[in-house]
Amino acid sequence: MNRLAKKYLRPSQIPTKACHGCGIGMIENWLLQALDELGLGPEDVIFGTGIGCVGRQTFATWGGDNFGATHGRALAVATGLKLAQPDKKYLIVVGDGDAASIGTSHLIHAARRNLGVVVICEDNMGYESTGGQFSPTTPAGYVTNSSPYGMVEPSFDPCDVVIAAGATFVAETTATQWHLTVKVVKKALQNDGFSFIHVRFPCNENFGAYALGTRDTLKNLEWIYEHTQGRRADGSPTDFTWRTGIRHDASNSRPEFTRLLRELNARVQARAAGAPAPAGA
Amino acid sequence: MPVEAAATLVAPWVEWARRWTEGRRLLEAGTFALTEGAIAAGCRVFAGYPITPATDIAEYMSRRLPQVGGYYLQAEDELAGMHMCAGASLGGLKAMTATSGPGYTLMHDAYGWAIANEIPLVVVNAMRVGPISGITGAPGQGEFYVARYASHGGNFETIVLSPSSVQEAFWLTIDAFNLSERFRTPVTILTDQVVSDMWEDLFVPADYAALDCVVPRRFNLTMPFYPVGSDAIDVPPNVIGLGTGVCVSAYTHTEEGYDIEEMEAQWAQTYRLINKIRHHRAELTRYETLGVEDAEVIAVAYGAAARTVKTGVLEARRRGVRAGMIRLITLWPFLDELFERDVAYLVCELNYDGQLVREVMRAAPDRRRVHFMGKSAELHTVAEVVAGLEGVARRGRVPELPWIWTAT
């Protein structure tokens, strides 16, 4: 077990049940590195997740207090938790189904409220734990087990969605960008507000096998890397390019949601103290 | 036969109302009483979505919670609202949400999570007539079974209470919070448009801090976080944020909260979720009876429906019918023991499909003597109840009446 796993994770729950070559464990290790570099311990962070590959593989690995919500609801649970435990950092580690499909309304409204949590959307570009169906982040035209003729729907970029909704720190990275990922996770943890990081990673068993035609981890990582660069190894342009890096940084520019509620309470109670108390209350 | 009937109310607030007499007498709505009962019980988070006829609870909460250091959250939908309550409760704050049928339907996801993870919270469902949006301002009692089976997958028991007056809504809400703490489970207050919207005489104690009947929130700081295989109650709830290392999830779990896929674990979890309630039914018995001792026909009702039914029973007795009444306050777990008398039963409920009547048929000695009087979107009139009781007592059946359904 590596030093970071020993410090932050539960020995009985790792390694996870992930498939070979899955990026989830590697990305979790990068999150631990960011926490370690910021001097945060397991007691400082509440770890929340959802359902699907990311939920199943990360749940209960975290050594501190943690929860796995029903599908899509991690941010709704975190909204209530943050009221009760406002001084904790929150790592909400979810998949593209949780964040960009079934739970998108919670994502949008948590961003709008500027809820003080860090959302890590680990995106394997489809529903891979159910056997590889397309999701709203599957690139248009790609073959999956529910788009055998190529995905007809356009995909969307969840970073655009949360920026429009009011998130105060937004970044995009991939499983091929270790240093960038650690850097943006650290910045996200230093924003007292809603931070969102979109991390694409390869699924060899399904997306790789059906959309890209290979279960080779390195080839699937290479496909992701090429799409961050906009060109293939042979110099030809890729069919599209992801905009990785910091997408929006307004860190600490507006008050965190639960702080607003605490300030409201202080105002209401100060006003009540100056006025006759309401009877019976 | 005496026209007067012996009345019995079995509920903890019989004693509470005797003990706390200093306070205000108000003319207030059921929604006000539900809100104040929650505040008195220590509720400090409300998360919900406006819906008729529960909206006033949200409005009252938005005013009251900041005054007592609590938090009002207006969720993006009811599904989020109940999950927010579960999160707040896991963080150590007592929480409540309130809704009506269309919103209640969206909460089943959160119900399952809160039930399986033993998270205390209170859900108010002010029922209106349906299905779907139905008639938004009319009462219904269509969620009798939905409230029992509030999540998919089975393997759990639920606690459901129903008040029939504004005053009772106040005390019953405190009771609901207490039971949710003691049993570590969501408790549903199944009320209806009439009880929530109507204004009535309400006594509210002056000093909520003096209500030592309130079960305070405690924290479970050690393993086992989930006493699977045990039926123990009064186990302190788990808390996220105090560094206990607790795990809370959607999966069948071990006593640590780890996900597990084994028959033994499924069995042990189910034993806990069912028997912590079934084995402590005596703690959950709340009902009112009237004149059952000499009755040949007993009317059965709950919530707003019980109000005209009670008047109808008294009127029938004046007319010489040996009528009695059972008003259920605890709806679930169902109080089978109240139906041991081998008499006729007339079940009056606010739906045409017949829900409560099925449980009475199951519990009563002779299901052929269990009669149904369903009405939908408004209360039974006293005349209808009297006609039903007379019909059952003298001719063994409910007469044909407009807007009344008797087929089950």
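Axes are lines fitted to C-alpha atoms, for helices over the stretch in contact, and angles run from 0 to 180 degrees between N-to-C directions. The views below show a predicted model, in which local features need pLDDT of at least 70 and side-chain atom pairs count only at pLDDT 80 or more, while totals for chains, interfaces and linings use all residues. Residues are numbered from 1 along each chain as its sequence is written, and chains are lettered from A and ligands numbered from 1 in the order in which they are written.

View 1. Helices (H or I, at least four residues) and strands (E, at least two) are DSSP runs, numbered from the N terminus.

**View 2. Six strands of chain B form an open sheet with mixed pairing.** The strand order is β1-β12-β14-β13-β16-β17, where strands pair if DSSP finds at least two bridges between them. Because β1 (7-10) and β17 (370-374) of chain B stand at the edges with a single partner strand each, one side of each is left without a neighbour in the sheet. From one strand to the next, the twist averages 15°. Within the sheet, β13(B) and β16(B) pair in the parallel sense over four bridges, and B:Val297 stands opposite B:Ala344.

**View 3. Helix α12 (residues 356-363) of chain B packs on the sheet.** This helix touches β13, β16 and β17 of chain B, and its direction makes about 160° with that of β16(B). Buried residues of α12(B) include B:Leu356, B:Val360 and B:Met361; a residue is buried if 20 or more other C-beta atoms, placed from the backbone, lie within 10 Å of its own.

**View 4. Chains A and B meet through 37 residues from chain A and 39 residues from chain B.** Residues are in contact if their C-beta atoms, placed from the backbone, lie within 7 Å. On the side of chain A that touches chain B, α4(A) gives the most, with eight residues. Between the chains, β2(A) and β11(B) (residues 247-248) pair in the parallel sense over two bridges, with A:Phe67 opposite B:Val248.

Definitions and conventions
Contact = placed C-beta atoms within 7 Å. Buried ≥ 20, exposed ≤ 12 C-beta atoms within 10 Å, placed from the backbone.
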